[in-house]
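Try each task before reading its solution.

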Amino acid sequence: MKKPSADPALIFGVSLLLAVALSLPTLRPTLHGDVDIADAAIRFFFALALSWAGVYGLASIIGTSTGRHERRTPPPAAAKERRRDDAPRRASRGDASNAA
């Protein structure tokens with residue numbers, strides 16, 4: 001399973017704060033009754049959706065550019081040498097079958 005590049009709760013929190021900041025000019029007249037509550041809610045929803053998409057895209061770009069790539073296998077020259085215990089065992093003379 002692929003690990004997310006950033007914490008999803010952090011992405012949503014930042015986008016929520018950004019959406020509130022973007023819709024603040026609409027929220028003030030809504031509190032005074034100048035803008036309908038349904039219109040303000042739709043505008044806030046679109047501001048939240050756009051800010052989430054922007055923050056998620058930015059976090060994805062930053063996450064891929066910070067070097068979180070898969071580990072590469074070492075080149076064969078840098079591989080460890082075999083120990084004597086790791087060498088394949090040879091059959092001794094007593095183990096050989098006489099199928100004659």
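Buried means under 20% relative accessible area, exposed over 50%, and partly exposed in between, with a 1.4 Å probe and protein chains only. This is a predicted model, where local features need pLDDT of at least 70, side-chain atom pairs count only at pLDDT 80 or more, and totals for chains, interfaces and linings use all residues. Residues are numbered from 1 along each chain as its sequence is written, and side-chain values use heavy atoms, with hydrogens and water left out.

**Exercise 1.** Classify Thr26 as buried or exposed, and list its contacts.

Step 1: apply the contact rule, heavy atoms within 4.5 Å. Leaving aside neighbours within four places in sequence, Thr26 touches Val35, Ala40 and Arg43.

**Exercise 2.** Describe helix α2 and what covers its buried residues.

Step 1: α2 spans residues 37–65, 29 residues in total.
Step 2: from first C-alpha to last it reaches 42 Å, close to the 42 Å expected, where the expected span is 1.5 Å times one less than the number of residues.
Step 3: its buried residues are Ala40, Ala47, Leu48, Ser51, Val55, Ala59 and Gly63. Their cover includes α1 (8–32).

**Exercise 3.** Work out the surroundings of Phe44.

Step 1: Phe44 lies in helix α2.
Step 2: because its relative accessibility is 24%, Phe44 counts as partly exposed.
Step 3: beyond neighbours within four places in sequence, Phe44 contacts Leu16, Ala19, Val20 and Ser23.
Step 4: the C-alpha atoms of Phe44 and Leu16 are separated by 9.7 Å, with the two residues 28 apart along the chain.

Technical notes. Helix = DSSP H or I, 4+ residues; strand = E, 2+ residues; numbered from the N terminus.
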